[in-house]
Amino acid sequence: MPERSPGPDIGARLVLEVSGVDVPGWPGLRGQLAALVRACHPEPTVAVTVFASALAVASGRTAGGVAAVASAVLAGQLTVGWSNDLFDRHRDAAGERTGKPLVGDGLAPRTVAVATGAALAACVPLSVAAGGPAGATHLVAVASAWGYNLGLKATPLSAGPYAVSFALLPVFVVRGRPDRPATPRWLPLAAGLLGAGAHFANVLPDLEVDARTGVRGLPQRLGATGSRRSAAVLLAAGSVVAALGPPRRSAWRLAALAPAAALTGCVLRREDRSAFRAAMAVAAIDVALVVTAGVGPR
Ligand SMILES: CC(C)=CCC/C(C)=C/CC/C(C)=C/COP(=O)(O)OP(=O)(O)O
């Protein structure tokens, strides 16, 4: 499919709207903003921000500290989500992925580029404000995710950035407290396993279009069955580590493994978007396990 020529970006659109000029065939300002929100991959962006914020509460941070973590992580997720769609736009157009705002909604690449730059510019000071020296850990996590977007996604190492970025996230949240406590070792392990599992679940609905457009990451090389199994094994391992990692064992934490296992079973059976949603639900249960166990000094 030939790539649709970009419409005016948000700045130009604003000027046109204020002057009462209509450009037929291109979305209005509100349509552009909605497309921009969709381009950031809103579901994982919100989920990861909420998970990190919950972990910040569990680590004993103050309300201000929690807000700082939430802002830094939100900015990081926005840069990752937007840059992903920006870098992939030609491939997405070739694959006729009209659900992508840069392909099907006439969203201008320049708008996404400016939004990506603004989020990146905000992410650096916000990470330092939220974590002091540990803010660098969050910036490395974001850089690793950019590595995925910039090309690792099409190599056998595609799961690596997910594992690294998600393993570093709790280190940033816990170690970034003003008293710099050590992060319990099981916590980055659980997060890295869940992040890698989410990668395999996320790619499942796109395997066919990826094959056509030459994206050969690890899930594409393993195929649908191998990817579903990899996702399930990684998610199950992450859940077990999250349930058994905290020093104080409790029966209900073990019981919470049952719904996590049921949702992991959904990942094994589905190939559509619901597989990724089930993976996020597994991660949500695991975050709840960690939050109730607590990860900070008591
Ligand atoms: C803590 C932290 C910074 C974590 C981020 C880790 C990470 C590697 C995220 C990638 C997110 C993303 C936009 C994936 C889209 O993948 P895709 O291009 O395979 O899927 P798509 O074609 O559907 O957009």
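Is Glu43 buried, partly exposed or exposed at 32% relative accessibility? Glu43 counts as partly exposed, where buried means under 20% relative accessible area, exposed over 50%, and partly exposed in between (1.4 Å probe, protein chains only).

The structure is a predicted model, in which local features need pLDDT of at least 70 and side-chain atom pairs count only at pLDDT 80 or more, while totals for chains, interfaces and linings use all residues. Residues are numbered from 1 along each chain as its sequence is written, and side-chain values use heavy atoms, with hydrogens and water left out.

**View A. The shell around the ligand.** The ligand is surrounded by 16 residues, and the closest are His41, Arg97, Lys100, Tyr148 and Lys153; a residue is near the ligand if one of its heavy atoms lies within 4 Å of it. At least two shell residues come from each of helix H4 (63-87), helix H8 (135-150) and helix H9 (159-175). Helices are DSSP runs (H or I, at least four residues), numbered from the N terminus. The shell has six nonpolar, five polar and five charged residues.

**View B. Side-chain atoms facing ligand oxygen atoms.** An N or O atom in the side chain of Arg97 is 2.8 Å from an oxygen atom of the ligand. For Asn84, a polar side-chain atom lies 2.9 Å from a ligand oxygen atom, and for Asp206 the corresponding distance is 3.4 Å. The protein covers 93% of the 640 Å² of accessible area that the ligand has on its own, with areas from the Shrake-Rupley method and a 1.4 Å probe.

**View C. The salt bridge of Arg277 and Glu43.** The closest N and O atoms of this salt bridge are 2.7 Å apart; the term denotes a side-chain nitrogen of Lys or Arg within 4 Å of a carboxyl oxygen of Asp or Glu. Arg277 lies in helix H15 (residues 273-293) and Glu43 in helix H3 (residues 42-58), so the pair ties together parts that are 234 residues apart in sequence. Arg277 is partly exposed, at 44% relative accessible area.

**View D. The salt bridge of Asp105 and Arg38.** These side chains meet at 2.3 Å, N to O. Because Asp105 lies in the loop between helix H6 (101-104) and helix H7 (109-131), and Arg38 in helix H2 (residues 29-39), the pair links parts 67 residues apart in sequence. Asp105 is partly exposed at 22% relative accessibility, as is Arg38 at 41%.

**View E. The salt bridge of Asp92 and Arg97.** The N to O distance is 3.4 Å. Asp92 is buried, with a relative accessible area of 5%, whereas Arg97 is partly exposed at 22%.

Methods. Polar contact = N/O pair within 3.5 Å; in protein donor to acceptor, adjacent residues only side chain to side chain. Nonpolar A, V, L, I, M, F, W, Y, C, P; charged D, E, K, R; others polar.
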